[in-house]
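Please consult the sequence and the structure shown here while reading.

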Amino acid sequence: MKNIFYFFLPILLLAVGGDESSDNDIVIKGGDKLTINASQTQASFTFTVPDTWSLHTDATDWLTPDILEGAAGTYTVNLTVAANTSETSRTATIDIRCANDEEKLLITQLGTADTPLPPSFDGKYIKSLMIKDTSDGETISSTFEYNEKGQLVKIIGKDVYEDETDVYEYIIAYTDGNVEIKGRDGEEYTAAIDARGRATQVRYVDTDDDNQTIDITLAYDNEGQLTKETGKTDDYNNYTIEYKWTNGNLTQTTYGGYSDTDFRYSEYENTGNLDINWIISGGYSESGVSPLGLLGLLGKRSAHYVVPNYWDMASSPTPGWDIERPVREDLIGTTQTDTYTVTESDENKVTAQYSFDADNDLSGIVTETPVYRISYERTATIVRTNPNEEPFVGEDGTKYYWEVEVQFSDPVESSREQIGTDRTEISIGY
């Protein structure tokens with residue numbers, strides 16, 4: 001199983017903090033503080049009052065409630081907010097007045113230099129994820145820790161295989177429009193985050209490998225979906241990855257223009273607080289910024305849970321054909337039939353079953369992949385690779401050539417037998 005702990009980071013938009021205010025008869029759900037992001041233009045809050053009430057604000061130039069008064073009851077006030085184009089944050093106060101009582105709600109809108117906050121999330125936070133490959137017994141588990149704002153701040157992982165156990169740890173910090181990820185194994189990511197909560201520039205440094213550095217630029221389309229990743233290294237080993245989306249899901253990555261990887265999706269909506277698709281798809285192939293995907297810092301996430309068909313596809317190599325050199329002249333151009341057998345998983349026949357708990361949160365995925373013994377036939381032709389080569393002439397006058405190779409036709413499947421099933425079990429804890 002591939003080590004998944006390269007792959008770690010939910011679109012960051014809104015956070016509501018604090019306990020419910022209950023000092024008097026006016027009760028504001030979620031407390032007396034509301035924080036929103038610089039680019040955010042809509043927000044809301046809910047409160048309950050026992051009598052007629054009215055709202056008053058000191059920031060009518062950038063904050064407009066949709067309702068200003070009412071009778072007793074519970075209300076949700078929708079706020080129209082002007083985007084904050086300043087690097088610094090700004091605050092406003094909304095007074096809720098009811099009879100002789102008054103309650104204040106402090107609203108803070110972050111500046112463009114501030115790291116955007118995660119979205120308000122009413123569901124349960126993912127605390128653990130475990131992947132077990134039942135074919136070889138390897139188990140990879142991870143636990144997630146959050147701060148009071150709901151931001152992921154620590155990932156601890158463990159990879160257990162046979163008698164070996166590897167432990168991984170990543171610490172995540174959010175400061176001044178940046179997100180920093182540091183791993184115990186020397187990996188460090190520093191990402192510049194724009195006002196929409198997306199990583200635009202990323203520097204990766206491997207301190208355990210002579211400070212190898214990669215500077216990565218990320219591009220997005222008008223829908224906010226990641227479309228291109230370009231990496232430049234200090235040794236000129238550059239790369240480009242293009243991302244293709246279909247019906248709101250990331251379906252294909254193209255690495256360097258030649259290595260395509262396709263992804264399939266379930267019917268179930270991707271609703272968790274973490275975008276676990278970046279783990280259960282193996283980091284979406286070759287991406288160098290996969291950790292940011294888990295945190296939701298790579299733009300709009302895929303709409304559905306991916307089918308985790310990445311794990312340990314069985315495949316034995318296609319055999320070559322050794323020839324004894326030099327080769328007699330009369331064998332050049334001759335063709336023979338070659339038959340060989342390999343063991344292969346059929347990733348097109350991966351099945352996935354998704355399970356959900358009583359709150360309709362994803363609790364597990366089980367995938368099964370058939371493994372086959374497949375026989376192929378192909379033709380093998382001996383050809384010269386250097387037409388200018390002078391032959392070696394034997395004592396009997398026979399000519400021989402050293403610079404030769406075997407060229408094969410495309411193989412044709414002659415038989416297939418299923419010999420087993422690879423099963424992967426994924427469990428999610430809250």
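**Overall form.** The model is predicted. Its chain contains two helices and 32 strands. Along the principal axes, the C-alpha atoms occupy a box of roughly 120 × 45 × 40 Å. The radius of gyration is 30 Å, whereas a compact globule of 430 residues would have a value near 22 Å. Of the 430 residues in the chain, 43% are buried.

**Nonpolar cores.** The largest nonpolar core comprises 52 residues. Within this core, the residues with the most contacts are F144, L152, A199, V202, L218, L292 and L298. L298 illustrates how parts of the chain that are separated in sequence meet: once neighbours within four places in sequence are set aside, L298 is in contact with A199, L218, Y220, L226, W278, V289, L292 and G293. Another core, of 23 residues, lies apart from the largest one and has I28, L34, W62 and I96 among its members.

**Surface and charge.** The chain exposes about 21,700 Å², and carbon and sulfur atoms supply 43% of that area. There are 32 positive and 76 negative side chains. The centres of these two sets lie 2 Å apart.

**Backbone details.** R325 and P326 are joined by a cis peptide bond, with omega at about -5°. P326 belongs to the loop between β24 (304–306) and β25 (327–328).

Two asparagines, N211 and N360, have positive phi values although neither is a glycine.

| Residue | Phi | Loop lies between |
|---|---|---|
| N211 | about 55° | β17 (199–206) and β18 (212–220) |
| N360 | about 65° | β27 (351–356) and β28 (362–384) |

**Summary.** The predicted chain has a radius of gyration of 30 Å and is built with 32 strands and two helices. Its largest nonpolar core holds 52 residues, and another core of 23 residues lies apart from it. Among the backbone details are the cis peptide bond between R325 and P326 and the positive phi of N211 and of N360.

Conventions: Residues are numbered from 1 along each chain as its sequence is written. This is a predicted model: local features need pLDDT of at least 70, side-chain atom pairs count only at pLDDT 80 or more; totals for chains, interfaces and linings use all residues. Side-chain values use heavy atoms; hydrogens and water are left out. A nonpolar core is a set of buried Ala, Val, Leu, Ile, Met, Phe, Trp, Tyr and Cys residues joined through side-chain atoms within 4.5 Å. Buried means under 20% relative accessible area, exposed over 50%, partly exposed in between (1.4 Å probe, protein chains only). Contact means heavy atoms within 4.5 Å. Helices (H or I, at least four residues) and strands (E, at least two) are DSSP runs, numbered from the N terminus. The radius of gyration is taken over C-alpha atoms; the globule rule is 2.2 Å times the number of residues to the power 0.38. Accessible areas come from the Shrake-Rupley method with a 1.4 Å probe; for residues, only the protein chains shown count as cover. Lys and Arg count as positive and Asp and Glu as negative; His and the chain ends are not counted. The place of a charge is taken as NZ of Lys, CZ of Arg, CG of Asp or CD of Glu.
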